[in-house]
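Open the model in your viewer and keep the selection tool at hand. This tour goes from stop to stop.

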Amino acid sequence: MITVYGEGRGFRVVWLLEEMGLPYRLRLVDLIAGVEHDAEFLAINPAGFIPALQDGDVIMVESIAIMEYLMARYGPTPLAPQPSDSAFSSYQQFLHLGEAGLAASMYFVSGARNLAPEAERQNWSAGQALSVFESRLGLVTRQLAHSPYLAGETFTAADISVTYALEFARRTVGFAFGEAERAYVARTTGREAYRQAMDVCADTKAWDKKVSRL
């Protein structure tokens, strides 16, 4: 049985597993209570961050790496175009951009805006991270002007990666997206596998509902 530890970016993994129809279980990790009290999880990931994956003897961290592992191990799948496919380069670019350029940058913006002392919430580093997010978002916008999904006409794991990042930005700092991005997120989150993943990830679903009411 595949075990996913933690929601957060683990939502990407759960969504992928739902798309692929693979059996799994989600094991909650309470970061607020403190992972130092969770010996079982620390045995899986001593660094104490989520998500983590256990698949038999395989233990992995980092959501994008986990996704690539699952698609390679249990594929082939149309969620991951083959290198011979003309969509492969765009797929690879946006699969990684969703974390390296978007979610990772917004993580620091969110931390400053929501957790830092009041006097530090508009600090220089947070502003720089926001600029990085906005510049990478421009690549997404440009791509969507030519195709409904980031690798072309077909939904791929790159869309899981980027959609998570866009939703993270919306939920944490209320980032206002343009019409193209909003229509894109409506397409990707309208998928049955997304709805199933939201039902599994109860904390993420509750967070989304709370933010949507504001």
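Which residue forms a salt bridge with Glu 118? Select Arg 121: the closest N and O atoms of the pair are 3.5 Å apart. A salt bridge here is a side-chain nitrogen of Lys or Arg within 4 Å of a carboxyl oxygen of Asp or Glu. Glu 118 is exposed at 64% relative accessibility, and Arg 121 is partly exposed at 25%. (Buried means under 20% relative accessible area, exposed over 50%, partly exposed in between, with a 1.4 Å probe and protein chains only.)

This is a predicted model, where local features need pLDDT of at least 70, side-chain atom pairs count only at pLDDT 80 or more, and totals for chains, interfaces and linings use all residues. Residues are numbered from 1 along each chain as its sequence is written, and side-chain values use heavy atoms, without hydrogens and water.

Next, select Glu 99 and Arg 9. Their side chains form a salt bridge (2.9 Å, N to O). Glu 99 sits in helix α4 (88-115) and Arg 9 in the loop between β1 (2-5) and α1 (10-20), so the pair ties together parts 90 residues apart in sequence. Glu 99 is buried at 15%. Arg 9 is buried, also with 15%. (Helices, H or I of at least four residues, and strands, E of at least two, are DSSP runs numbered from the N terminus.)

Now pick Glu 167, Arg 170, Arg 171 and Asp 208, which are linked in a network of salt bridges. The structure holds twelve salt bridges.
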